[in-house]
Amino acid sequence: MEHKNYDFGLVGLGVMGRNFILNVADNNFKAFGYDLDSEKVDALKEEGGDLNKVDASTDIKTFTQALAAPRKIMLLVPAGKIVDQVIESLLPHLDKGDIIIDGGNSFFTDTDRREAYLKEKGINFFGAGVSGGAEGARKGPSIMPGGDADAYEHIKPIFEAVAADFKGEPCVAHLGPKSAGNYVKMVHNGIEYGMMQLTSEIYDLLRKSVALSNDELHQVYDLWNKGRLQSFLVEITAEIFKQEDDLGDGRLIDKILDKAKQKGTGKWTSQNAMDLGIPVPTIDIAVSMREISALKDERIVADKLYDRPEPKAIDKDKIIAMAEEALYFSFIIAYAQGLHQLAEASKEYEYDLDMSVIAKIWRAGCIIRSGLLDNISEAYLADKNLPNLLLAPSFVPKVQETMASVRELVAYAATSGIPVPGLSNSLNYFEAYTSSHLPLNLIQAQRDNFGSHTYERLDREGVFHTEWGK
């Protein structure tokens with residue numbers, strides 16, 4: 001290359017990578033791609049058209065020499081060892097001050113390790129979560145970068161140009177040092193697991209209780225999406241019920257096997273929440289339900305062994321109204337749990353996260369975008385130290401007005417043999433979190449009885465042990 005004049009480099013020209021680099025080029029930044037697969041390189045060149053703005057190569061030297069200093073190279077490759085392999089292949093061709101950005105769903109401790117390793121070599125490393133899928137990458141995703149604040153200034157103009165836009169504000173912000181970006185994306189995905197589980201439970205409840213047809217389900221979810229449940233997930237759920245099966249008769253939803261897969265980010269969220277001591281039961285059960293769904297053969301056998309009650313008769317309009325309130329309530333709970341985890345992680349890992357900013361950059365482009373996020377951002381703007389969304393004065397009436405319906409709907413599902421573990425976990429989390437007294441005094445007594453683990457008292461300071469039965 002005679003001229004090092006490309007603004008941005010991208011490694012990994014699969015669907016996400018190709019869409020992201022074309023997005024960069026669309027926003028008047030010259031972008032150069034790299035992939036070992038010549039077909040993917042050729043596909044980018046063909047779709048990119050104007051090679052003055054976008055080009056690509058299978059040769060790593062050609063790729064790195066095309067980039068202006070400091071080089072800004074984004075990796076959109078699968079998380080894991082391949083990220084380390086790509087980094088090692090790039091290093092001989094980089095200079096001090098260059099920037100590598102991992103745009104995949106890497107585990108946050110891997111990002112910390114890579115950041116420290118590259119810092120010793122004078123290379124800046126960013127973990128930047130990208131949400132919105134292939135369409136978001138092309139038209140505007142939500143981007144969650146973490147790394148050195150000064151180095152981010154070189155990336156900022158490009159990321160702000162390609163990110164989704166919400167009322168004139170780009171859905172991207174520097175979130176903090178080290179792995180802050182990857183951590184926020186991990187929890188984003190955990191919340192996503194919860195919201196998807198909740199949405200599917202309400203669908204199952206409406207189908208089994210009052211036999212809503214796919215057309216009726218489309219109408220219900222479409223109406224909800226025009227109200228306070230406005231969100232990407234409710235929007236696409238409404239669309240799903242209309243999709244015809246192109247391989248047979250009827251609607252596609254009725255032909256899809258009920259076994260959900262996962263890539264691990266929900267599990268990571270749940271596991272790390274336990275490490276931090278933060279309860280996220282809505283997310284926990286969403287992960288568990290995907291695991292239960294995988295036991296399809298066992299479920300078929302078990303279904304024949306046990307009786308199940310017939311759903312109790314209930315007014316159609318009544319249960320639809322209760323379902324809307326329950327889904328709204330449980331969406332709030334999913335956000336509350338995820339943001340609670342982020343607040344604790346911010347202290348534990350010294351991220352200095354701003355919850356209001358995080359809620360802002362989730363308002364467009366990402367999978368968990370919804371109308372609620374404006375209210376959430378305002379709640380954290382009013383109190384930056386808010387430990388839990390349920391303690392925000394603006395959210396108390398929003399939750400309070402739904403409680404009668406939520407309790408009645410969970411009870412109805414239980415007596416009708418319809419599983420709603422996400423909804424019931426959300427309700428039980430709320431009941432426990434808002435209870436000034438829990439029966440854990442008995443657990444402390446049990447622990448002291450069998451293991452001399454001691455306990456504290458309500459009426460005096462100190463730590464106590466009793467010789468039980470004496």
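Is Tyr433 buried, partly exposed or exposed? Tyr433 is partly exposed, because its relative accessible area is 30%. Here buried means under 20% relative accessible area, exposed over 50%, and partly exposed in between (1.4 Å probe, protein chains only).

The legends below describe a predicted model, in which local features need pLDDT of at least 70, side-chain atom pairs count only at pLDDT 80 or more, and totals for chains, interfaces and linings use all residues. Residues are numbered from 1 along each chain as its sequence is written, and side-chain values use heavy atoms, with hydrogens and water left out.

**View 1. The aromatic pair of Tyr221 and Phe241.** The structure holds 20 aromatic pairs. Rings of Phe, Tyr and Trp (its six-membered ring) pair if their centres lie within 6.5 Å; planes under 30 degrees apart count as stacked, over 60 as edge-to-face and the rest as tilted. Tyr221 and Phe241 form a tilted pair, with 5.6 Å from centre to centre and 50° between the planes. Tyr221 belongs to helix 9 (residues 214-225) and Phe241 to the loop between helix 10 (232-240) and helix 11 (265-276), so the pair ties together parts that are 20 residues apart in sequence. Helices (H or I, at least four residues) are DSSP runs, numbered from the N terminus. Tyr221 counts as buried at 0% relative accessibility, and Phe241 is buried with a relative accessible area of 2%.

**View 2. The aromatic pair of Tyr429 and Tyr433.** The ring centres of Tyr429 and Tyr433 are 5.9 Å apart and their planes stand at 10°, so this pair is stacked. Both residues lie in helix 19 (residues 421-433), 4 residues apart, which is about one turn of the helix. Tyr429 counts as buried at 6% relative accessibility.

**View 3. Thr402 and its contacts.** Thr402 lies in the loop between helix 17 (396-400) and helix 18 (403-415). At 0% relative accessibility, Thr402 counts as buried. Leaving aside residues up to four places away in sequence, Thr402 touches Arg228, Glu325, Tyr328 and Phe329, where contact means heavy atoms within 4.5 Å.

**View 4. Glu348 in helix 14.** Glu348 is placed in helix 14 (residues 316-348). With 51% relative accessibility, Glu348 counts as exposed. Glu348 and Leu276 are 72 residues apart in sequence, and their C-alpha atoms are 8.0 Å apart in space.

Definitions and conventions
Helices (H or I, at least four residues) and strands (E, at least two) are DSSP runs, numbered from the N terminus.
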